[in-house]
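I opened this structure to look up a helix and some charged pairs. My notes follow in the order of looking.

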Amino acid sequence: MCPDESLLSAYIDGEVPSPWKEKLESHVLDCPTCTVRVSEFRKLDARLQQLKSPDVEAKLAMARERIEADLRFDIADAEKSKRVPVLPQTLATGHLDTRYERKARRNGSRRAVLSMPVLAASVLVLIFAAGLVVGGKMLVNKKPQSLASASGTIQVGSGSMDSINQYWSSLKSDQGVTITMPSEVSFEPIGDPVIMTYNDGAATATVVSPVSSVPPTSSLGSDMPTQAPTP
Amino acid sequence: MPEMDFRSIYEENADMLLRIAYRITNSTEAAEDVVHDAFGKMLQNQMDFPTNADAKYWLIRVVKNAAINYAKRKSREAKAYEKWWRSEGKPVEDVEAGSLSMADIGSDAGVEASAEEGLLRRESAEELRAALDSLPERLKVVLIMKEYGGMNYKEIGKALGISEGNVKVRAYRARIALLERLKREDDTNVPR
């Protein structure tokens with residue numbers, strides 16, 4: 001009687017212990033059916049082994065090196081920073097390489113890793129530099145407005161709002177205006193300061209009011225510039 | 001987990017895991033990704049195992065599951081492309097011809113063979129790989145772990161959480177199924 005065929009498969013895999021192994025071998029030698037089956041299994045195994053190609057093995061070896069290098073690289077970083085002495089960077093930062101990052105590295109690029117202090121300093125420098133650039137642009141944009149304002153300085157008497165409004169109307173909509181109170185005259189506030197906006201359709205002005213030109217008792221409000229952007 | 005333990009676990013298992021992952025995914029890049037992810041997960045979660053063997057079985061399970069998920073996703077994508085290709089009224093053979101990378105299929109460097117022999121061998125390797133891919137997952141994984149992971153029944157059983165007897169039966173059924181598929185393929189290729 002032939003043994004269960006799964007035993008023949010196990011025999012091929014070297015998983016049949018003595019003394020059953022020897023008994024099985026003895027039977028297979030005398031049984032054409034089992035001989036054919038064992039032969040089929042062996043040929044199949046040989047074909048499966050032939051699927052291993054040097055090309056694939058080389059690629060897998062490279063993959064192994066990349067993974068190892070990455071893990072060691074992380075461990076070295078962690079040791080340098082002395083934060084987590086025996087654990088890799090992935091633990092310290094919670095960062096695990098994404099597949100995208102690994103793909104980029106497979107294609108030749110290398111991940112740049114900065115320690116936290118260096119990274120923080122870099123971010124501060126970047127923010128400062130960005131502030132300089134943005135601030136510089138703003139200054140550049142404001143210069144023409146200051147010049148326009150300076151070149152368009154008019155002097156008006158006390159309570160002469162009509163002349164101020166005429167001046168607004170002559171301005172372009174993107175020009176800013178600075179209103180400066182006379183420095184030689186002291187103002188006394190009457191009630192709470194109120195922001196008033198003039199809008200006659202062509203331009204808008206904002207002034208601080210109310211103030212009264214009276215003999216100097218207080219210097220409050222003197223030389224107070226008020227900038228009012230026109231729409 | 002101390003660094004030395006991790007290193008030894010990596011040294012002992014990386015090759016085996018890569019081979020298993022590659023045979024399931026048929027892609028060296030995907031194999032690298034799933035193995036890297038498995039080790040990364042182990043580190044990130046600061047996993048602690050009683051022995052290195054326990055770590056090994058955990059890694060095998062994680063890699064196996066991730067590789068199977070990858071293979072399933074790729075299979076679904078391939079079916080979607082195939083469906084679209086058919087809807088265009090084009091023969092499906094054109095899709096299949098480009099679906100397998102010749103470089104990845106048993107082309108032994110250094111072996112001089114005629115062009116015809118090389119073609120036959122590649123076709124044979126393609127057939128075998130297609131037959132292996134078509135096996136039910138629970139059978140295929142056992143055979144891959146045995147043939148390409150170099151694992152014995154006991155190790156496979158521990159990794160998959162099944163008995164050694166079950167591994168033996170699955171390995172046998174996988175072989176029989178593979179032989180049947182290859183025989184069917186041979187029969188359809190015989191000129192009439």
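H1(A) is followed by A:Gly14, whose phi is positive, near 70°. I kept in mind that this is a predicted model.

I then went back to the helix. H1 of chain A covers residues 5–12 and is mostly covered, with 6 of its 8 residues buried. I listed the buried ones as A:Ser6, A:Leu8, A:Ser9, A:Ala10, A:Tyr11 and A:Ile12.

Next I looked up salt bridges. I noted A:Glu5 as partly exposed, at a relative accessible area of 24%.

I moved to helix H4 (residues 54–81) of chain A, where A:Lys59 and A:Asp55 both lie, 4 residues apart, about one turn of the helix. Their salt bridge has its closest N and O atoms 3.9 Å apart. I found A:Lys59 partly exposed at 30%, and A:Asp55 is partly exposed at 30%.

I checked another pair in H4. A:Arg64 and A:Glu68 meet in a salt bridge at 3.1 Å, N to O, and they are 4 residues apart, about one helical turn. Buried or exposed? Since buried means under 20% relative accessible area, A:Arg64 at 13% counts as buried, and A:Glu68 at 14% counts as buried.

Last, I noted a network of salt bridges linking A:Asp13, A:Asp45, B:Glu147 and B:Arg175.

How values were computed: Residues numbered from 1 in each chain as written. Chains lettered and ligands numbered in written order. Predicted model: local features only at pLDDT ≥ 70, side-chain atom pairs only at ≥ 80, totals over all residues. Heavy atoms only, no water. Buried < 20%, exposed > 50% of the residue type's maximum accessible area, 1.4 Å probe, protein only. Helix = DSSP H or I, 4+ residues; strand = E, 2+ residues; numbered from the N terminus. Salt bridge = Lys/Arg side-chain N within 4 Å of Asp/Glu carboxyl O.
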